[in-house]
Amino acid sequence: QVKLVESGGTSVQAGDSLRLSCVVSGVPFSRYAMAWFRQAPGKEREFVATIHRNGGSTIYADSVKGRFTISRDNSENTVFLQMNSLKPEDTAVYYCAADLSFGGSLYDYWGQGTQVSVSS
């Protein structure tokens, strides 16, 4: 059974930092590209960042570039999202996703999400 379990979401103030984690089980983690998406209330889910299976390449949405950093620890089957200089518009449910292909638009597996709320 494939499981992606996000954690780390909470309520913070604008300008604060937060790190999200996603632990993956049931698949060979090191073979999968990983990504973070988010969905704000009343909006469609949007791409945030993705990382190659070897950690050597990353892609970010323009809205988070320079503030967020995606990383992974293949020995711990975990992907992280370090979020700095948080803004109220970053408020959303954050999801991690896994796919064998890097940079694609479709992902095979998804987590259940973790809520991030940023107040001004």
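Reader: Which residues do ring pairs link into a cluster?

Author: In this predicted model, ring pairs join F37, F47, Y107 and W110 into a cluster. A search of the whole structure turns up 5 aromatic pairs.

Reader: What parts does the pair of Y32 and Y109 tie together?

Author: Y32 lies in the loop between β3 (18-25) and β4 (33-39), while Y109 belongs to strand β10 (residues 109-110). The pair therefore connects parts 77 residues apart in sequence.

Reader: Is Y32 buried or exposed?

Author: Check the relative accessible area. Under 20% means buried. Y32 has 8%, so Y32 is buried. Y109 has 27% relative accessibility and counts as partly exposed.

Reader: What about F37 and F47: stacked, tilted or edge-to-face?

Author: Their ring centres are 5.7 Å apart and their planes are at 75°, so the pair is edge-to-face. F37 sits in strand β4 and F47 in strand β5 (residues 46-51), 10 residues apart. F37 is buried at 9% relative accessibility, whereas F47, at 27%, is partly exposed.

Reader: Where does the charged end of R45 sit?

Author: Look for a charged end over a ring. That of R45 sits over the ring of F37, 6.0 Å from its centre. The charged end of R45 also sits over the ring of W110, 3.8 Å from that ring's centre.

Definitions and conventions
Residues are numbered from 1 along each chain as its sequence is written. This is a predicted model: local features need pLDDT of at least 70, side-chain atom pairs count only at pLDDT 80 or more; totals for chains, interfaces and linings use all residues. Side-chain values use heavy atoms; hydrogens and water are left out. Rings of Phe, Tyr and Trp (its six-membered ring) pair if their centres lie within 6.5 Å; planes under 30 degrees apart count as stacked, over 60 as edge-to-face and the rest as tilted. Helices (H or I, at least four residues) and strands (E, at least two) are DSSP runs, numbered from the N terminus. Buried means under 20% relative accessible area, exposed over 50%, partly exposed in between (1.4 Å probe, protein chains only). A charge sits over a ring if NZ of Lys or CZ of Arg is within 6 Å of the ring centre and within 35 degrees of the ring normal.
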